[in-house]
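Here's a quick briefing for anyone meeting this structure for the first time. Have a look at it, then we'll go through a sheet and some salt bridges.

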Amino acid sequence: PVDTLSRISIDGSELVQGELTQTIIISEDSTEVTIKVVAEDESEEYYTVVFQKYSANNELKSLEIEGIDDQDIIKTSDNTYTINIPLTMEELAIIATAKDSSAKVKIADFDYSETNVAKNNLLSDNLSSFTIIVKAENGEEKEYTITINRVADLTIKELYVDSVECF
């Protein structure tokens, strides 16, 4: 039940009897508002309400591919990467991490998951790219395009010069 004889003040406003509505401008990531209630017997109670903005951070912190060196994962722009993988690789174990702990990450056709997500993606011969989407706490999404370059492994395992093994 509402005590119609009580007075209320929101964030230092003038005390008003009964009911009070006030617009609060939230300019920071977190805004505290103090509500003061004065009962008919003049006893006072204070309440603090914290308004928190949803995070808009939909940035990708890191991208890792199991078995692929960092230098083979190349950030080519703000939201595009190129990865160089061996021709023989049949599966990508992708680890994508969002900058914000409240964001969700989606790799290719998988569902959204927690901030740090690892997915295995079978490679087909015609797969040349896939997407990662980071969804901020406020619902804003940012799409990252990952282009796959298949490269031949041209590692020299043995070297002979005039029938002498060099390594």
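Is K142 buried or exposed? K142 is buried, because its relative accessible area is 13% (buried means under 20%, exposed over 50%, and partly exposed in between, using a 1.4 Å probe and protein chains only). Keep in mind that this is a predicted model, where local features need pLDDT of at least 70, side-chain atom pairs count only at pLDDT 80 or more, and totals for chains, interfaces and linings use all residues. Residues are numbered from 1 along each chain as its sequence is written, and side-chain values use heavy atoms, with hydrogens and water left out.

**The sheet**

- Four strands make up an open sheet, lined up in the order 2-1-3-4 with antiparallel pairing.
- A strand here is a DSSP run of E with at least two residues, numbered from the N terminus, and two strands pair if DSSP finds at least two bridges between them.
- Strand 2 (16–17) and strand 4 (44–52) sit at the edges with a single partner strand each, so one side of each has no neighbour in the sheet.
- Strand 1 (residues 7–10) and strand 3 (residues 30–38) run antiparallel and are joined by 4 bridges.
- Across that pairing, I8 stands opposite V37 in strand 3.
- As background, strands of a sheet pair through backbone hydrogen bonds, either parallel or antiparallel.

**Salt bridges around the sheet**

- How many salt bridges does a search of the whole structure find? It turns up 4, a salt bridge being a side-chain nitrogen of Lys or Arg within 4 Å of a carboxyl oxygen of Asp or Glu.
- One of them joins the side chains of E42 and R7, at 2.8 Å from N to O.
- That pair ties together distant parts of the chain, 35 residues apart: E42 is in the loop between strand 3 and strand 4, while R7 is in strand 1.
- R7 counts as partly exposed because its relative accessibility is 26%.
- E44 and K36 form a salt bridge too, with their closest N and O atoms 3.6 Å apart.
- Both ends are partly exposed, E44 with a relative accessible area of 40% and K36 at 22% relative accessibility.

**Back to K142**

- The side chains of K142 and D78 meet in a salt bridge of 2.5 Å, N to O.
- This pair also links distant parts of the chain: K142 lies in strand 12 (residues 141–151) and D78 in the loop between strand 6 (73–77) and strand 7 (80–86), 64 residues apart.
- While K142 is buried, D78 counts as partly exposed at 44% relative accessibility.
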